[in-house]
Structures are given as structure tokens and as C-alpha cells.
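Work through the exercises below with the structure in view. Try each task before reading its solution.

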Amino acid sequence: MHKSCYSYHCRNTPNNFTDFYAEFTQRLKEYEAYSPEFAALVHDLVLYLGNHIAQAKVTNRRINVIDLGFQGSINMLVKYVLDQYCSQSAKQAADIHMYVVAEWFKGVYHNMYTSNTFSSLTHIEVMARNNAIYQYVPGSLHDGKLTVTYGSKDDQSQADMELTVMAMTILLQNK
């Protein structure tokens with residue numbers, strides 16, 4: 001979903017998650033009907049999440065979706081896929097909990113977030129170390145199994161060191 005559209009809906013329902021999510025869901029349904037590319041992504045996510053849901057049920061585990069982005073849009077997309085396609089038999093909406101939320105989203109996600117470290121995590125993302133650690137294999141999600149290829153041992157060591165220093169700095173900053 002386009003960021004400005006996502007932001008628009010949040011600003012129009014700044015303190016009511018139910019209204020926000022109802023509007024958000026309607027827009028995603030419309031976009032899914034309009035865009036074959038988005039519909040294909042949703043289909044791939046249904047397969048991927050379905051695999052994890054089946055495994056989680058067998059092992060009695062919880063699935064956590066962590067989005068380190070600005071708006072928590074990955075969490076919301078996953079919630080949409082779960083609610084519209086994967087949880088139909090359960091007749092229960094997916095319970096989401098945001099880990100990083102922009103300051104102006106805290107009204108909508110009231111009591112649904114755990115972290116105020118957005119500014120620090122932005123610096124981690126700016127380092128672009130995710131690409132040094134691993135990259136997604138293009139097209140691998142199509143069979144419901146996401147595949148990654150790992151970076152070199154030196155790149156991973158450098159990324160580990162930078163992320164460790166950044167995490168320690170954040171902990172010291174919060175004391």
C-alpha cells in the first residue's frame with residue numbers, strides 16, 4: 001500500500017484502531033482487486049504464513065512478526081492476510097503487537113506497541129547491514145517458502161559488530 005494512503009487513514013482515525021483497520025482493510029481489498037502484482041504477493045504470503053501457522057499449531061508456539069519500519073506496515077499487511085485468508089476457520093481476528101512505532105502512530109496503536117526506539121533503529125537500517133548479512137532470493141516466496149542467501153563471513157562479522165555496538169549504545173542512552 002502506498003505510504004501516503006496508509007498515513008492518510010491513520011491521521012483520519014488517530015485514536016481508533018478498529019475504524020483505522022476497517023478502512024485499511026477495505027483499501028487493501030480494493031487494491032488487491034485492482035493490482036495483479038499485489039494479488040500475487042498476497043497469494044504468496046498466504047502460502048508462506050499458512051506453512052508457519054501449521055507448524056506453530058503442531059509445536060504450540062506463537063508467531064511474532066517484527067517490522068522495524070516507520071509505520072508498522074508489514075505487521076498490518078500480515079494482519080490483513082491472516083484475517084482475510086488464514087484465520088477464516090478460526091473466526092477470530094489476528095492479534096498484532098507493534099515493536100516499533102512512529103511517535104504519531106501511538107494514538108492508533110494504543111497499548112499495542114513495546115518500543116520507543118525508532119530513532120535508534122533508523123540508524124541501524126541506514127547502515128544497510130541487512131544486505132550484508134542476507135538477501136532474499138528473488139521469486140523464492142512463490143512456493144510459500146522464503147529463501148535467503150547469506151553474505152560473506154567478513155560482511156556478517158562486520159554487521160554483527162556494528163549492530164552490537166549500536167545495541168549497547170541504545171541501552172546506555174536509555175539509562
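Residues are numbered from 1 along each chain as its sequence is written, and side-chain values use heavy atoms, without hydrogens and water.

**Exercise 1. Find where confidence is lowest and where it is highest in the protein chain.**

Start with the score: pLDDT is the predictor's confidence in each residue, from 0 to 100. The protein chain averages 76, and 69% of the residues score at least 70. Now go by element. Helices are DSSP runs (H or I, at least four residues), numbered from the N terminus. Helix α1 (residues 3-12) is lowest, at a mean of 50. Helix α2 is highest, at 90. Over residues 1-6, pLDDT stays under 50. Where pLDDT is low, the predicted coordinates should not be read in detail.

**Exercise 2. Check the span of helix α2 (residues 17-34) and list its buried residues.**

First, the span. The expected value is 1.5 Å times one less than the number of residues.

Next, burial. Buried means under 20% relative accessible area, exposed over 50%, partly exposed in between (1.4 Å probe, protein chains only). Phe17, Phe20, Tyr21, Phe24, Thr25, Leu28 and Glu32 are buried in α2. They cover an arc of only 130 degrees around the axis, so they lie on the same side of α2. The arc is taken from the directions from the helix axis to the C-beta atoms. Ala33 and Tyr34, on the other side of α2, are exposed.

**Exercise 3. Which residues of α3 are buried?**

Helix α3 covers residues 36-59. Its buried residues are Phe38, Val42, Asp44, Leu45, Leu49, Ile53 and Ala56. Their cover includes α2 and α4 (73-86). Just after α3, Asn60 takes a positive phi of about 55 degrees.

**Exercise 4. How many aromatic pairs are there, and how do Tyr31 and Phe38 pair?**

Rings of Phe, Tyr and Trp (its six-membered ring) pair if their centres lie within 6.5 Å; planes under 30 degrees apart are stacked, over 60 edge-to-face, the rest tilted. The count comes to six aromatic pairs. Tyr31 and Phe38 form a tilted pair, 5.1 Å centre to centre, with 45 degrees between the planes. Tyr31 is partly exposed, at 36% relative accessible area. Phe38 is buried, at 7%. Finally, Phe17, Phe20, Tyr21 and Phe24 form one aromatic cluster.

Conventions:
Predicted model: local features only at pLDDT ≥ 70, side-chain atom pairs only at ≥ 80, totals over all residues. Helix = DSSP H or I, 4+ residues; strand = E, 2+ residues; numbered from the N terminus. Contact = heavy atoms within 4.5 Å.
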